[in-house]
Amino acid sequence: MKMNGYKDWKEAMLRLPERTFFVLMRLYLGEIKTPFNKQRLVESLGGFLSKADTQRLMIESLDSLDILILTAVHTLPVTTRGALLMFLSSEASLQTRLTNLEERLILYRTDCIDDYDEVGKVYSINPFLYKSVEPLLDSYSLFLPQQKGEPQSGAALCDDIVLAGLYTFFLKEADVLKMNGSFKVRAEKQCKSIFQDTAADMSRFTTMCTGLQNLGLLIREDTSLIPQQGRWEEFFKQKPLDRKMYLVAAIYGHARRDGMQRRAQFYSDFLASLDPQGLYNDISLKRIFDFLFQRLYVEINQDTSWVFPDMVPSDAIKIINTFKALKFLLPVGEYWQLNTAVFTQESVQQPLITAPSFEITMLPFTPLEGLFPVLSCMEPVSILTAGRFTVTRAACLRCFEHCCTDKTLIALLDNASGGTLPQNIKVSISEWYLQCTAVGLYYGFVITVAEDKRNLFKQNAGLQEIINKELADGVYLIKQTDLDSVRAMIKAAGLDVTFYTANSTGRYTTAGFSAVEHRHSTLDVFYTKAKKSQKVHGTPQKDYDEHIRELQKLVDIMPVDQYNKQSLKEKIASKLIITEEQLYKTPMENEVREVAGLDFLGKIHLAETAITDGNRLEVTIDGTAGQRIFTGLPIAIEKKEHDAVLLIQEDGTQYKEKISIAGIIKMRAFRNSLFS
């Protein structure tokens, strides 16, 4: 994150609530004399922060968690409290430490207005300290893998062999679902028999099918999943990487075409950000995901709803688990490593291996685009590293129904097998064709052209491209397309057209897929900067704990009461008081914050004050097992004839307890943080 400068810091100080402003000024500047000017007080505070000793002590006071938070503020595109809590969610006591850094004047917050005119607060590093703290901040360290190892490569569960198998399986077996959407027992057994790896876990297989539906590759009608062949044809034209990214993107849910492409690109960028040699735990994977999601949020003007509808923080873990399930991330002991095959897999021109037994073997990395026309005549047998299929009469019939002749199909298969298609398969396909075409039933658009217009029709190259088959003289079956496009092409040829319909024949469109780029890691820029700057890793070497002990020894000999001594020591331990000058200037508190013994009215007054100010109470009471200390937020006091009852909610729970004030041995109030 870039520096906003001194002006923003001063404005942020002046916008603080009155009580917070003056408590802060007294803490760092001492007692405030009247009349006062807030602008001059802020300038005096800036003078205190500009002192070399002040900056040195503030830098020396930073521990590893402080530096981690400051590095996140320095690095992240979005530094609201919520964004930081999500990014560093694995760190304990993060909220408390954020508040502490703000009280120590190391961080400050400024207003930020988003595209919906909603005002939020973003954290920035104090400009007086930025130059001193910047050498300690290594952005790349936020995303480091836990270990290094040799790059790993393996087949993903949605590689091209699997996709070809899924396409041919659902062509053969569309009726696979129960009414509740789960797979029928018969279909589940078939899936496990054919897809021995992918369907070993049916929940994972079902998830993949959900992705295919969200891409429009499968359409559910009642209990059937029907492949949309035109959509599959477009899908198979994409690069192997694009197919993988689109499928995993669609598993998340529906989106518009541009939203799905942006989501697929985001997933590609996430995987590309992983070091191929890196072994990552879940915390590191989620940090990289959160960082990239914030960057996406900024890039698309703070509206990610069209890319990730209804995104919640837990979805990041679900998406990362999807990468694991599909083997985009491979397990290495307790860590996870990028499957380099996701990016390195390239299609290799190689023929199908055909056998007289009608079995066809597809080797890994065989390009799908050229094979699409012949996949429809095959049914899957076994989908593992290689794919085994068989040519069947039923499958060939489907091809013939789509106006493919026996000669065309034989030529396609022979070409795909490198000219090695066995003769018995050719003969069988021809025999099946004769048997299946004795009676023909056509579905789609049919154009009839009057005899005097046929020459003009045949001379138009655009119209000839959409003709699927000439059924008779002047009668043409055209390729499935939308009605408006057909009308426009006929009119462009100089012909008038009349549309006749008995019912609707339109179904689904086959919108294409936009390409997914394989981009360099977004984290490379941090790695380059880290190498050039040679930043200091870890905390400064000065033992700041010794400095704390020296200041607390001074408190012991100060002429103040025990309560104020305890209060000063707590401020020193919290690193709010860092210099001797500041210690001696700090105003003493006259307000009673602790009451013990029989001072009933004192306990009532302290409890009422805590309720009014929203402060927490610590009460000590006698219990059956001895004294018990109860800490929480006081809610109300119920006064009775000879006693009063305090209603208090215990810290970290919804549990509320009623305590007799007369029975309280000791009561202590804790002042809320200045920035709570």
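Mentor: Happy to. Keep in mind that this is a predicted model. Glu657 sits in strand 20, which covers residues 656-660. Now, is that residue buried or exposed? Its relative accessible area is 12%, and buried means under 20%, so Glu657 counts as buried. Next, look at what the side chain is doing: the side chain of Glu657 makes a polar contact with the side chain of Arg628, at 3.1 Å. If you skip the neighbours within four places in sequence, Glu657 is in contact with Ile621, Arg628, Phe630, Leu646, Leu647 and Ile648. While you have the strand on screen, here's a handy rule: in a regular strand, side chains alternate between the two faces of the sheet.

For practice with other strands, turn to strand 15, residues 475-478. Strand 13 (residues 446-448) runs antiparallel to strand 15, and three bridges join the two. You can find Val446 standing opposite Leu477 there. Strand 14, residues 467-472, is also antiparallel to strand 15, this time with four bridges. Ile467 has Ile478 in strand 15 as its bridge partner. Strand 14 and strand 15 form a hairpin with two residues between the strands, and Gly474 in that hairpin takes a positive phi near 80°.

Technical notes:
Residues numbered from 1 in each chain as written. Predicted model: local features only at pLDDT ≥ 70, side-chain atom pairs only at ≥ 80, totals over all residues. Heavy atoms only, no water. Buried < 20%, exposed > 50% of the residue type's maximum accessible area, 1.4 Å probe, protein only. Polar contact = N/O pair within 3.5 Å; in protein donor to acceptor, adjacent residues only side chain to side chain. Contact = heavy atoms within 4.5 Å. Pairing = 2+ DSSP bridges.
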